[in-house]
Amino acid sequence: MNANQFLKAVAQLQGWRECAFLLALAERSFPNYALFADAVGLKTGAKMRQVLDLGWDLLQKDVSESSIPQLLGKLESLSPNVDDYDAYGVYPAFDFCQLLEQALLNRLNPDRHRATEASQLATRTVMDFVELSEGEGLDENELVTLFEHHPLLKEDKLFQRDLVLALKRQRVPREDFIAELREQAANGGVSNLGIGLDN
């Protein structure tokens, strides 16, 4: 699947498939939030994990629509304000919050397409991290080369591509399929930035 085919496939995601895609992106980046919250002494990691778990429940259970605004409110109260922190970690943490917000909003308003923007946001999180950690002093061409060959960006591309292919093949959101998708997205607690919850 080349880049154009991938973009087209993401643009075609609808309904439960789009929601599952958004949740999987959020799941993969959850450690970025949890580790940041831990590092700055916010006791919000477990509460945010709960919101994400309830997000996954939306795919399987008939959750009343009225509970979604409550979840969105809770998410907002747990989201860090990027202006309040000096630490770089606030940005990937905030990106996670945006991905989860898109997944919840998808259940509220499934007609608005969100997957393309979310896919780009998830990749941008990785690019920013790579540029910050390894891109100092590089010109534009060298940066492009760094991005093209960087294992984290290759992994992000592979993860998103496999996700779209799995969703395209699946006819209904069966419990075992969603459980498998979720496990792959969780990646043993290692995020899209290559940082793990047990680090």
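The second largest pocket holds about 220 Å³ of space, where a pocket is, on a 1 Å grid over the protein atoms alone, an open set of points where a 1.4 Å probe fits, with protein on both sides within 12 Å along at least five of seven lines, and a volume is the space filled by probe spheres set on the points, joined across faces, edges and corners. This is a predicted model, in which local features need pLDDT of at least 70 and side-chain atom pairs count only at pLDDT 80 or more, while totals for chains, interfaces and linings use all residues. Residues are numbered from 1 along each chain as its sequence is written, and side-chain values use heavy atoms, with hydrogens and water left out.

Select the lining (residues with an atom within 4 Å of a point), which includes Arg28, Glu155, Phe159, Phe177 and Gln184. α8 contributes the most to this second lining, with six residues, and α9 (175-186) also supplies at least two.

Next, turn to the largest pocket, with a volume of about 500 Å³; of its 18 lining residues, Ala3, Phe6, Thr123, Asp156 and Lys157 are the closest to its centre. Here too α8 gives the most, with seven residues.

Finally, select Cys19 and Cys97. Cys19, at 0% relative accessibility, is buried (under 20% relative accessible area, 1.4 Å probe, protein chains only), and Cys97 is buried at 3%.

Methods: Buried < 20%, exposed > 50% of the residue type's maximum accessible area, 1.4 Å probe, protein only. Helix = DSSP H or I, 4+ residues; strand = E, 2+ residues; numbered from the N terminus.
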